[in-house]
Amino acid sequence: MEFTEEAIGEVKVFHLSGKIMGGPETGEMCDHLKEQIAAGTQSLVMNFQDVQWINSSGIGIIISCLTTLRNRGGDVRFANLHGATQRYFEITKLEKVVKIFDNIDEAVASFT
């Protein structure tokens, strides 16, 4: 699993790729997210366009970051869920807890 980030206005966009299966690389992403939150990031979009798979460990780490962000008054949006990743969000009922958008532009615009 790999990630890159960009800022679109006040919104940080994390572009995720590969398999989110827990492990050290997912932990590194979460640590980086927590650093961004501590530095004042309030609006975050996680782009799943290039994510091939996610498991319960990966979901757990992402939800941990989401909880940290919400506890500090911010929020996260998810964009470009597809295939197995989208099904996992449906099976676990996460789509009822988080906001999911078809693309990054819609997710970013939802913060205004």
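Colleague: A salt bridge is taken here as a side-chain nitrogen of Lys or Arg within 4 Å of a carboxyl oxygen of Asp or Glu. How many salt bridges does the count come to by this rule?

Modeller: This is a predicted model, in which local features need pLDDT of at least 70 and side-chain atom pairs count only at pLDDT 80 or more, while totals for chains, interfaces and linings use all residues. Residues are numbered from 1 along each chain as its sequence is written, and side-chain values use heavy atoms, with hydrogens and water left out. By the rule above, the number of salt bridges is three.

Colleague: Which residue forms a salt bridge with Glu5?

Modeller: Glu5 is partly exposed, with a relative accessible area of 30% (buried is under 20%, exposed over 50%, partly exposed in between, with a 1.4 Å probe and protein chains only). The closest N and O atoms of the two are 3.3 Å apart, and the partner is Lys12.

Colleague: Which residues are linked with Arg70 in a network of salt bridges?

Modeller: The side chains of Arg70 and Asp75 meet at 2.8 Å, N to O, and Asp75 also forms a salt bridge with Arg77, at 3.0 Å. Arg70 counts as partly exposed at 33%, whereas Asp75 and Arg77 are both buried. The network therefore joins a partly exposed Arg70 to Asp75 and Arg77.

Colleague: Over the face of which residue does Arg77 lie?

Modeller: A charge sits over a ring if NZ of Lys or CZ of Arg is within 6 Å of the ring centre and within 35 degrees of the ring normal. Arg77 is 4.1 Å from the ring centre of Phe111. The ring in question is that of Phe111.

Colleague: What is the angle between the planes of Phe48 and Phe78?

Modeller: Rings of Phe, Tyr and Trp (its six-membered ring) pair if their centres lie within 6.5 Å; planes under 30 degrees apart are stacked, over 60 edge-to-face, the rest tilted. Four aromatic pairs are counted by this rule. Phe48 and Phe78 form a tilted one, with 5.7 Å centre to centre and a plane angle of 45°.

Colleague: What is the phi of Gly9 in the turn between β1 and β2?

Modeller: Strand β1 (residues 2-8) runs antiparallel to strand β2 (residues 11-20), with seven bridges between them; strands pair if DSSP finds at least two bridges. They form a hairpin with two residues between them, and Glu6 stands opposite Val13 in β2. The phi of Gly9 is positive, about 65°.

Colleague: Which residue in β3 does Val13 stand opposite?

Modeller: β2 and β3 run parallel, joined by nine bridges. Together with helix α1 (residues 23-38) they make a right-handed β-α-β unit; right-handed means that, with the strands pointing away from the viewer, the path from the first strand over the helix to the second runs clockwise. Opposite Val13 stands Val45.

Colleague: How far apart in space are Cys65 and His32?

Modeller: Cys65 lies in helix α2 (residues 56-71) and is buried, with a relative accessible area of 4%. Leaving aside neighbours within four places in sequence, its contacts (heavy atoms within 4.5 Å) are Cys30, Leu33, Lys34 and Ile37. Cys65 and His32 are 33 residues apart in sequence, and their C-alpha to C-alpha distance is 9.8 Å.

Key:
Helices (H or I, at least four residues) and strands (E, at least two) are DSSP runs, numbered from the N terminus.
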